[in-house]
Every structure is written in structure tokens, then in C-alpha cells.
Amino acid sequence: MKKRNIVQVKDLIAGYDGEIILDHISFDVLEGEIFIILGGSGCGKSTLLKHLIGLMKPLSGQVIIDGNDISNCDEITFKNILRKIGVLYQSSALFGSMTLAENVSLPIQEYTDLPKKLVDTLVKIKLNLVNLNGYENHLPSEISGGMKKRAGLARAMALNPKILFFDEPSAGLDPVTSVELDNLILSLNKNLGTTMVIVTHELPSIFNVAHRIIMLDRQTKGIIAEGDPNYLKDHSKNRFVRNFFNRQSQNYERISESLKKNRN
Amino acid sequence: MKSIEDIQSCQYEIAETEDGDITIYVQGRMDSSNASRIIEIFGSLIKDRQPLSMAVDLKKVTYIDDFGALVLVELKDMMTRANGLFDLQNAREEVLFMLDSETLADTTSFIKIRPPNMFIRFGDAIIQYAADVKYLISFVGSVCIAFVYSFLHPKSLRMEETFLYMQKTGVDALPVVAMISFLLGLIVAFMSSVQLQLFGANIYVASLVSLAMSRELGPIMTAIIVAGRSGSSFAAEIGTMKISEEVDALFTMGFDPTRYLVLPKILASVIVVPILTLFSDVFAIFGGLVVGVFMLDLTANAYISETIKTLTVFDVFWGVFKSAVFALLISWIGCLRGFQVKGGAASVGHATTSAVVSSIFLIIVSDAIFTVIIRYLR
Ligand SMILES: Nc1ncnc2c1ncn2[C@@H]1O[C@H](COP(=O)(O)OP(=O)(O)OP(=O)(O)O)[C@@H](O)[C@H]1O
Ligand SMILES: [Mg+2]
């Protein structure tokens, strides 16, 4: 069965008042795929994500989610698209005045008519999934940064959306929790077929979960690499891309040469 | 008997035997969009037919998530309560896995923390209050230390910041202070003229307006406007910095947050609010003048000379002095409430409200004290 495109970006130009950050970008995400967006700091990953979820309007071009153009559609279609996506923000964005349980139950109560008891059970299941059992009645200000991330994830996937968007999910998590998060991503992807679009820098987690990646670049304001990270690691034509995956500094070669000279 | 109905993206078919056994063949999706409808329909089915046993066949289900799994658990519960049997047929592995997972096995919902009883809350409030007072005192202390330090090291004061706050608190507030004072002068003049006219003592309207405004109403009105405009914004600004860890950052960089954030605000307020009060006096007298000239047939000349005759330098200075004290209280309580912010956005809102309410309260209380003092002083 040929998989269909669930996210399509066509000739997107994005930027902030006059300053162009992304120039003529096009790519597709297939249904059921784990798609990772990479790039150096400040190259516009969060900006791209904001366009994908309709928070920002493109200067030109289209973003199509599940067949509907998110940047140019009526209110009802937009609401329907929002129902299909879940977002984990870079800073968690939990509501500070609500407990974790209330945060997670908010979308469930809004979009379903389930009885209170079942909603509570669901909240418990979701918080269990991210290892936060026992923290139902805590306020976001009473838990750590990594726990906030996980609670934000629980809220994002409360309704089992078709597509999950993550902005740096593993930043601030310890390696063990980070691996658990990867496993959670993989199992959601396998069991529910959830499509994932992830912005991350964690190399191990990229090799662990990614089906496909794109890499953005600040200078060219475009995509400099696209494909399977394991292949790109050794075979990319672009030296920066190889260095990124092998965790080497841009001037690694120069430095190692001068080190050799010094030794002689 | 068989029937097919459509529940959004999910269809079902019911097979019923003579003995009261029901089998439901479900096909399509069981997810968050139809979970509550499925429970409703099958729940009422159980209630109406009261079957001895119920089986749900999941062979043709294309998608099921934890919402769907929960529906099955709920149906099982319903059957158990009605003393019936419940069975799943053709459930794929992942469904069974979801049902099995310990989270679902224990469907008791977590315990919500109940609000404690009245006595505990009362005690909590008192402890809270004591802590509040303690913090208040230590805050006064740290502000005093900051003042002394800045006095000894004048360079450490952030002059630019102070000028900025002087503009925000003073210059930007001038239009609204002028407008309100003018109208207040108008109102006082008009109200008093109604009485004074009976005695043919129109000219005393000028005395009344100038005295009342410069000693009491001018300072108080100005202070209340400043409390609403600037006291609240001080609290919101510092509170937001507090929750985004900016205050902590200042601290670890070796700045004293009190000196860095509070001092410019207090200094600016104490300098500009008395000036605002003077403006307020002038505009109020002008308001009274308008009533005097256009409604009471006084000449502008007579009105002004009566005003000058009534007002002593002491009256004006007393009002200005009081307004300086009010300014100190407003900026101090605004910053204090900002520093007391804990947690999230709601707490900032609370601090802002509390800053305005406490400063207005303090303004009135201190004014009452001043009135008593002046009564015995002279
Ligand atoms: N609100 C804004 N207004 C103007 N420019 C912005 C704004 N937000 C971001 N930018 C600019 O857009 C560029 C891309 O920012 P973005 O936040 O998308 O980077 P990023 O790739 O997510 O970086 P990081 O990995 O550090 O999160 C940056 O150069 C930044 O200066
Ligand atoms: Mg970012």
C-alpha cells in the first residue's frame, strides 16, 4: 500500500516582518512516518513548526495538513485540522493555574462527552505513559523542567491526534528518560500509527527513531539534506551535514592538522 | 435480529439469540471522536434488553486506541453490575495489550485533594498572614539597605532606568490627572455653591475648592490614579520576571534584585508624584474658577485673589509632603507584591490586584493618621 502525504509544504517562504528566515522550502511527510527537522540553533526550526501548526501565516506558499490548506481555509476546516494535531511546545506551555490532571483533561473534556470517571481514568493512563503517576494534583510550578516536558507531552497526546508535533522534546531530560521518551514515540507510532514531526538535536534519539530527516541551514535559508540519517552520516555530499551527525566541529580537520603539526 | 447503525466512523451489527445472549460486531474506528456515543448506545442496549451475556467482536475494527479500550472496560463494568458475562472476540494483540496494561486494570480514578475543613483553612490563613508580615518587614529592611548603599555609592543607581520610570509614572499620567482634577474642582465648586449661595457667600467657593483640593483631595486622587497605573504595572513587571527566573538570574549575576529593580521605581515615584499633585491642585482650582465665573457671576480676578488669600504655603506643602509618602507606599507595595509572586500567570494577576487594593488601603489609612497628627500639631 502506498502511503499518502499527510503534511505537504509547497514553496514556503517564512519570516518575521520583512526578514526572510526560510526561502522556498518544499517537503512532504508521509502518513505514519517519524520525521525529524534538524539544523543549527536559530536556523528557523521553531519558525517552520509554527507554520506547520497554523500559528504563523506564510509570506507565500502553502502548508497542507491532511488535504486541507492550513494557511488559507475557513474557520470550521481550521478547527477540524486542529483536532487532528497535538503540539508539544519548546517551553511545555502548561497552564500554570491548573494541576497536571486538569491540564491533561482539558482537551478530553472539550472534545468528548465521556463521563467524569472515565476522563479521570484516561488522565491517569496518559500521565502513566509519561511516567508521571502520582503527580496528578501537582501544579506545573511544583515540578521540574523535564517533568513539565513530559506533562506537556501527555497533554499533547491526550486525544491521540493523527499528527504530533514536538519542539525539542528531549531537551532537559536525562539520558534514561530520554530513551524512554524515544520508546514511547516508537510505540505510539507503531500501535496507533501516529505521524510525528519532531525538532531535535539529540543525535542518539535521531538515529533511534527517525525514518527520515531534513536539515535546514541558516545561510542558504533552505534544506541542505533530506533522507535517512544513517545514510547521510557517511554519504552526504555536504561536509556540514556529515560533521553534524558525527558530532565534529566545523573546523575539525583544520584543528586536528594543527595539532599534528604541534606534536611534530 | 440484526441491525446496522452508523456511529460516526464506526458501524455495528447486533446478533441476539433466544436465550438472551448478545453479540455485537463492531467495524471501523473506536477512538476519542465516538467513544462517548458508543458507551451511550451500548449502555442503553444493556439496560433495555438486559442480556445474560454480551460479546463484542473486534475482527473488523481498523483502529482502536485507549479511548476505545476504555469503552470496552466500561461495558464490561456495566455487564458485571447487571450480573451478566462479558467477552471479547477476535481482539488483536495490541488491543489485549492495552486492556491488560496495569493502568487499565486499576481503573480507580486518582483521589482529588479536597479543600480542608474550616479550621485548617483558618489556621493556614493565619500562618500565611504571619509569613506575609515577616516578609513585609524584611522587604522594608532590604529596601533601606539598598537606599543606604546607593547613597554611599551614587554611581550604582541606575539613572537611565529611573528617568524612564519618572516618565512612565509622571509625564504619561499627567493628562488623566489633569482631567480628573479639573472635573473634581468643578464638582466641588458646584456642590458647595448650592449651599453657599443661600448665604450670599459665593466667594467662599474659591476658598473651599483650593483648601480641599490642595490638602486632601489632590494628593489622594493623584495617589489613587498612580496606584492604578503604576503600582499595578510594577507588580506585574516584577512578578513576570520572577516566574521566568529573571530575578534569579539577576541574583546569580551578583546584582541585588532590590537595588536593581526596586530602587529606580521608588525613587522615580517619590520625585514625580508630588509634582503631579501640584499639577492636580492647579487644574482643580481652574475647574472651580470655571464654575465661579460662568455660574456664580464672580470675576476671575476676585476668585484668584480669594484663593491666594486662603491658601498658605503650609497647606500646599503639607499636601505635597503627603503625596510623597503615598508615592513611597504605592511603589513599595507594588514591588513587594511582585516579589511575592510564585507559580504561574494566575499568580501575577493576583499580585497586580493585590498591589492596587493594598496601596489604596494604605493611602487612606496613612491619610487618616496624618489628619490626626495635624489636628494636634497646630
Ligand atoms: N518573534 C520573532 N520576531 C523576529 N524574529 C524572530 C522571532 N522569533 C525568531 N526570530 C528569528 O528567526 C530565526 C529563527 O528562529 P527560530 O526560533 O525558528 O530558531 P530555531 O531553529 O528554533 O533555534 P533553536 O534551536 O535555538 O530553538 C532567528 O534568527 C531569530 O532571530
Ligand atoms: Mg526553537
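The model is predicted, so local features need pLDDT of at least 70 and side-chain atom pairs count only at pLDDT 80 or more, while totals for chains, interfaces and linings use all residues. Residues are numbered from 1 along each chain as its sequence is written, chains are lettered from A and ligands numbered from 1 in the order in which they are written, and side-chain values use heavy atoms, with hydrogens and water left out.

**Stop 1: the magnesium ion**

Select ligand 2, a magnesium ion coordinated by Ser46(A) through OG and Gln90(A) through OE1, at 2.0 to 2.7 Å. Ser46(A) belongs to helix H1 (residues 45-52) of chain A, and Gln90(A) to the loop between strand E6 (85-88) and helix H3 (100-111), 44 residues apart. Helices (H or I, at least four residues) and strands (E, at least two) are DSSP runs, numbered from the N terminus. Donors are N, O and S atoms within 2.8 Å of the metal (3.2 Å for Na, K and Ca); water is not among the atoms, so sites may look incomplete.

Ser46(A) is partly exposed, at 24% relative accessible area, and Gln90(A) is also partly exposed, at 41%. Buried means under 20% relative accessible area, exposed over 50%, and partly exposed in between (1.4 Å probe, protein chains only).

**Stop 2: Arg212(A) and its partners**

Select Arg212(A) next. Its side chain meets that of Glu33(A) in a salt bridge (2.7 Å, N to O). Glu33(A) sits in the loop between strand E2 (19-30) and strand E3 (34-39), and Arg212(A) in strand E9 (residues 212-216), 179 residues apart. A salt bridge is a side-chain nitrogen of Lys or Arg within 4 Å of a carboxyl oxygen of Asp or Glu. Glu33(A) counts as buried at 7% relative accessibility, and Arg212(A) counts as buried at 18%.

Glu226(A) is partly exposed, at 39%.

**Stop 3: other salt bridges**

How many salt bridges does the structure hold over all chains? There are 20. For a network of them, select Arg4(A), Glu31(A), Asp66(A), Lys84(A) and Lys162(A).

Then select Lys117(A) and Asp77(B), a salt bridge with the closest N and O atoms 3.9 Å apart. Lys117(A) is in helix H4 (residues 116-129) of chain A and Asp77(B) in helix H2 (residues 66-81) of chain B, so the pair joins two chains. Lys117(A) is partly exposed at 38%, as is Asp77(B) at 27%.

**Stop 4: helix H8 of chain B**

Select residues 204-243 of chain B, the 40 residues of helix H8. Just after H8(B), Glu245(B) takes a positive phi of about 65°.

**Stop 5: a nonpolar patch**

Finally, select Met179(B), Leu183(B), Ile187(B), Phe190(B), Met191(B), Val194(B), Phe294(B) and Met295(B), which make a nonpolar surface patch of about 830 Å². Helix H7 (174-196) and helix H10 (257-295) of chain B each give two or more residues to the patch. H7(B) supplies the largest share, six residues. Phe190(B), in helix H7 of chain B, is partly exposed at 39%.

Patches are made of residues with over 30% relative accessible area and no salt bridge; like charges are joined within 9 Å, nonpolar side chains (Val, Leu, Ile, Met, Phe, Trp, Tyr) within 5 Å. Accessible areas come from the Shrake-Rupley method with a 1.4 Å probe; for residues, only the protein chains shown count as cover.

Terms used
The expected span of a helix is 1.5 Å times one less than its number of residues.
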